[in-house]
Amino acid sequence: MSTTTLSPLARAALLGVLTGSRSATPLAALALSRDSRTLTGSWQEWAVFRSSVGRAVFVAAGAGELVGDKLPSTPSRISGGAIFGRIAAGAVVGFAMGTTDLRAERGVQGALVGAAGAVVGSFAGYLGRKALVEKTGLPDLVVALLEDAVTIGGTAAVVRAARS
């Protein structure tokens with residue numbers, strides 16, 4: 001099944017899971033995806049994504065997180081503040097995906113599944129990365145870069161599907 005055949009709520013859940021891995025990447029992808037084919041009522045119409053300043057902030061946050069994740073002083077994604085930030089970001093991207101079919105009630109449902117997806121993605125990513133490092137002996141940096149690639153590619157696929 002391709003991402004284009006998934007319902008808006010399934011895409012909300014997927015983006016939520018990806019937000020658990022890199023909280024700013026899906027927001028940056030939404031900001032970069034705005035184009036001339038604006039869907040009324042969708043995230044592409046949100047002022048923060050239409051604004052060049054808003055787009056720049058989301059892209060800078062996404063890039064900063066990709067770098068910051070590799071620093072030894074960066075707290076665990078499942079620590080108190082980090083997990084709440086991921087849940088909030090998951091709710092935002094979930095709301096955005098929930099509104100792609102122009103049904104307003106789906107926004108709240110999307111926010112809920114996006115937030116839940118962020119919790120799942122945070123713990124699965126944390127445990128998966130830790131296990132992969134331990135089982136393979138690969139350096140954490142290599143596994144983190146693999147996680148970046150999966151998150152960026154997955155996010156791009158989900159956002160692209162929502163635009164079509």
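Helices here are DSSP runs of H or I of at least four residues, and strands are runs of E of at least two. By that rule the chain has seven helices and zero strands. The model is predicted. Its salt bridges include a network that takes in D69, K70, R129, E147 and D148.

**Overall fold**
- Along the sequence the pattern reads α-α-α-α-α-α-α.
- The chain has 164 residues, and 40% of them are buried.
- Among contacts with a separation of 6 or more, 73% join residues 24 or more positions apart.

**Nonpolar core**
- In soluble globular proteins, nonpolar side chains tend to be buried together.
- The largest nonpolar core here holds 16 residues.
- L15, L30 and M97 have the most contacts inside this core.
- Helices α1 (8-21), α2 (25-33), α5 (80-98) and α7 each give two or more residues to the core.

**Helix α5**
- The 19 residues of α5 should span 27 Å at 1.5 Å a residue, and the end C-alpha atoms are 27 Å apart, so the two values agree.
- The buried residues of α5 are I83, R86, A89, G90, V93, G94, A96, M97 and G98.
- Cover for these buried residues comes from elements including α1, α2, α4 (52-68), α6 and α7.

**Salt bridges**
- The structure holds ten salt bridges.
- One of them joins the side chains of D69 and R129, at 3.0 Å from N to O.
- D69 lies in the loop between α4 and α5 and R129 in helix α6, so placed that the pair links distant parts of the chain, 60 residues apart.
- D69 has a relative accessible area of 16%, under the 20% cut-off, and therefore counts as buried.
- R129 is buried as well, at 12% relative accessibility.
- R129 also forms a salt bridge with E147, whose closest N and O atoms are 3.3 Å apart.
- That pair links helix α7, which holds E147, to helix α6, which holds R129, across 18 residues.
- E147 is buried, with a relative accessible area of 11%.
- R22, R77 and D140 belong to the network too, along with D69, K70, R129, E147 and D148.

**Residue D148**
- D148 sits in helix α7 (residues 140-163).
- D148 is buried, because its relative accessibility is 7% and the cut-off is 20%.
- Leaving aside residues up to four places away in sequence, D148 touches R22, L66 and K70.
- With K70, D148 forms a side-chain salt bridge of 2.6 Å, N to O.
- This pair ties helix α7 to the loop between α4 and α5, where K70 lies, 78 residues apart.
- K70 is partly exposed, with a relative accessible area of 24%.

**Nonpolar surface patch**
- L132, L138, V142 and L146 make a nonpolar surface patch of about 290 Å².
- L132 is in helix α6 (residues 105-136).
- L132 is partly exposed, because its relative accessible area of 36% falls between 20% and 50%.

Technical notes. Residues numbered from 1 in each chain as written. Predicted model: local features only at pLDDT ≥ 70, side-chain atom pairs only at ≥ 80, totals over all residues. Heavy atoms only, no water. Buried < 20%, exposed > 50% of the residue type's maximum accessible area, 1.4 Å probe, protein only. Contact = heavy atoms within 4.5 Å. Core = buried A, V, L, I, M, F, W, Y, C linked by side-chain atoms within 4.5 Å. Patch = residues over 30% accessible without salt bridge, like charges linked within 9 Å, V, L, I, M, F, W, Y side chains within 5 Å. Areas by Shrake-Rupley, 256 points an atom, 1.4 Å probe, with all protein chains shown as cover. Salt bridge = Lys/Arg side-chain N within 4 Å of Asp/Glu carboxyl O. Expected span 1.5 Å × (residues − 1).
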